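Subject: Structure for your files

Hello,

Here is the structure I said I would pass on.

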Amino acid sequence: MSSLSSANANASPATVHATPAWLNQLAKKKTTLLQHIFGMEPIHVSDVKDSLTKKVKPRCQGEDIVAAWEQCYSLDPLMQSIVIDTAAGPSTPHVDHYDAFSRRPDGSDGVVNPVMPYQQLRALVGDGGKWKWPELWKQLDCLPRRGPCWRHPDDPSNLGTLPNPHPHVVPLRCLVVGGGPVGLRLAIELVLGGHRATVFEKRRGIRSEDGTSYASVGFTNRVNRPHINNFCRNDLDRLNGRNFMTSKMCYPIFTASHTSSIGVDELQMMLLKTALLLGVQFELGVGFVDATVEITNHETNNQRPVWKVQYTADSQAQETYHKTATGGTQQFDALFGCDGTASRVRKTQVEWLGQTNVRKYKKMLGVVANLRKVSKKNLRDQGFYGGLEPEDQRSDNKHFYKASYHNYLILQPTLKEMEDHGIPWKSVFSYHKNMTALTDEDQEKDALKAILKRYVQKKAQELRIPLDTTLENDGLVDAPNDVMAFDFSEFYNCEKSAAFYAPPLEWDAERDGEWEIQCPLVVICGDAVADPNWLLGVGLQRGWNTAFDAAFYADNIYNNKTFNGQPPSLDHPLADPIEWTEHLENMMTLMTTCMKSSLAGKLTTEMGHGTYDERGPVNIQISRVLKPRKIDWVPSFDPPLEPWYRYAAFASAVRRDYVGERLKKNLHPATVRHLALFEHDRAFVERANSKKRVTRPTLSMLTWPKRFECSEFWCGMSMKLLQIGGKTAPGARPLGRKEDTPKSATEEAPEVPLPEKKVEVVDTQSPKDTEERLAINLVEIKSLAKQKSFSLRQKIVESVMAGPRPGMNQTRRNSVENLIYPQEEPLLSTAAVPAARRPSFHPLPLSSGIQKSSRTSDTVMVGGGGSHGVEDTIMSRLHLKTVQYKKDSLTLQLACAKAEAKKVWAEKVAMDAKLAYAETEVTMLSNLLNEYIDAESRLQSINEHN
């Protein structure tokens, strides 16, 4: 990260302003790039067409997202220079929360107020003319933050009232090795805690222009579909899973309850978009080699250890990230290995993590095939009713999962089937053993694949799995993901999954002596800890839990104030900081417990089911709050970061704080958050409904102000643009004044009265800007006029139904009364008025409770208005009935109030009786205790006398 920006330096006398036209052109360019990034999804067949354009969709991989993001933000200094307005003051670009904690290279002082890339981009592009983007931005705002990443209490992204769940987080420089699903999920969680997260991903895919052949495989080329748990599905939903996928790809994951799988490539590309928007530094083409412990801060003698990481970088990474080809080193405070079954981190850190235990299992081979979609006509011909595909199927020797553009099949052949079909006991196309030569024309490999294809075709026919062999590549997707074989005969797991042993931050070697053992935080996650065992379908469950565990360790390794290795307890609250050696032992014990619980799958009932228990504290407490408002709402289960609420090992300790009276007084953290989200979403919907009648302009007519006016319901949260590239945004004040200094997220600067200064108003609007600002939208004007007309019509109807006010003064009338009841004129008989000038009159239907009167008394004299004729009109009778009904209603309300008063009085008498009983019991027990004390003293004196 670069040094602290000079955004808050004194503004130059000649302030440069950005024009709306220039901002709109820049916003259009970035909107196009963001739309391209959001729409990217993995496709492994060549005939998929866009539903709107009907053109063949291009094949996209993770490398395409990274390249587009570099063009949109990470390599664009103009975007990174954006300053936005927050509740804590103007943001400080080019810095993060680690810069606020560490010593800055330039020695500058002041409060750091970093924001995330999506907030900077949002301040420029607004809603981009897209109806889905406001929801996308809101989802990112509502992600649970903690530590230094917790926003100012007045910031809308703080949901208004929630306290910081982990206020003692020390920001770390974190290296995540591996850009798989677990690595990306961990990086997202680290950034939300205020840490600086960098991802090293070595695998860069190089493919032909048509996308059908590869020179090297990319990191998102895996198309296997692991089983997805409900808690994982909910977590992806809050991470914008629905917004970052098309409806076709989204359906099998989020909306089809019978579907229980997700493609690894789909998962990676979705998480990658979220990670980049939140500020994760993703370095593609950089590989981890080794890491050694190094002691820093020799000047202060605090002996804080860091990891000195050695890496390699390909030519493109050298140019983009300014890396060294070989032998390059970089320092990090924490190291996380999410690099799969052949984990390099695990192999190089045996000293801290121990040896890998490998055990033999029964001989077992898995054949994996990715099948092309079959047309409805062909499905009917194959006997599938209505031309519909079968639902997902899981059994001992077969797993069938539907995907959006292809289907996924795992077969486990028996020994006899392998002998009958000539299937060798050999892995075919292992991602780790044969990463290069994806288009190898070797005859032996082709022969092995041909054998596997014949076996898949026969089993698909036997098991009634839809397969059309007349399609390209015998009905399978393009190589290299068409058919594969994996040997499951061997399993492994590590002795330890995490280690940390270091002195406290305030340690001084001269004062306290040398710290003997030095180990910065190192954690391995996901498949690096233990074999994923595809057939059991526990890969994502283990991966997600180990990622949450790793982020929790990073938050608490230097926190001995609120962390003691046990769940928070009302019976044993922490009053003083834990002694440091005891804190380290608590951390190591927790690491062991979490690893065992994750590997064994010993989750809480709520975590296992992915829903809150109906009789659990969260549902009960939320029901008690919302039931009096006649609202029936059950929140979706969001997996928590804290291990106390995920693992069964801590369930009994947590349950003790939510029984009996404690359930009423002690709100569960999930209850507090869900209630805040509920109120936040209700306000969001109300603001959205207020904008339904506003017609959104087309993209060609979308000006920069309109990017925010049409979505005003979310721009209240959006932190407005103040400065970009040193230019002040339209309507924003120049930065550099004292009041522009960012405030701390926990305490606000006191208000100090400043001496009045003469402010010179400079007109910076050009004629072109004025013309653009004064542009008239005829559609909006018509819509507003229609609303005004409807409102006036409603007022007239209400005034007619209510009748004239008794004793209405002729000179104190509103416009509607003057229209309906003009000033009195001499009454004229009907015969005296010409027929052409007689007003048309349609009598109102009478209610059944009013006796029909004579024709003369039913006539409503519109031209009259004297009080002598009002009492005989229909309107007065209706008005009288309304008064009577109101009187009856008030009578009933009075009776209810009296009954309620009697009830309260009875409760008061009961409470007085309870109080008298309690006081009597206190007196009795006190007397009895005094008698025992007296008896004890007498017995002691007798014993002493004897």
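The notes below cover a sheet, the nonpolar cores and one asparagine. Please keep in mind that this is a predicted model.

Sheet. Five strands form an open sheet with antiparallel pairing, in the order β14-β15-β16-β13-β17. The edges are taken by β14 (393–394) and β17 (483–487); each has a single partner strand, so one side of each is left without a neighbour in the sheet. For β14, the pairing with β15 (residues 398–402) is antiparallel and runs over 2 bridges. Within that pair, Gln-393 is opposite Phe-400 of β15. Helix α16 (residues 443–462) packs on the sheet, where it touches β13 (365–372), β16 (406–411) and β17. The direction of α16 makes about 95° with that of β17.

Cores. The largest nonpolar core contains 158 residues, and Leu-186, Leu-236, Phe-336 and Leu-521 have the most contacts inside it.

Asparagine. Asn-556 is part of helix α18 (residues 539–556). Its relative accessible area is 3%, under the 20% cut-off, so Asn-556 counts as buried. With neighbours within four places in sequence left aside, Asn-556 is in contact with Phe-563, His-583 and Met-587.

Regards

Notes:
Residues numbered from 1 in each chain as written. Predicted model: local features only at pLDDT ≥ 70, side-chain atom pairs only at ≥ 80, totals over all residues. Heavy atoms only, no water. Pairing = 2+ DSSP bridges. Helix = DSSP H or I, 4+ residues; strand = E, 2+ residues; numbered from the N terminus. Contact = heavy atoms within 4.5 Å. Axes fitted to C-alpha atoms, helices over the stretch in contact; angles between N-to-C directions. Core = buried A, V, L, I, M, F, W, Y, C linked by side-chain atoms within 4.5 Å. Buried < 20%, exposed > 50% of the residue type's maximum accessible area, 1.4 Å probe, protein only.
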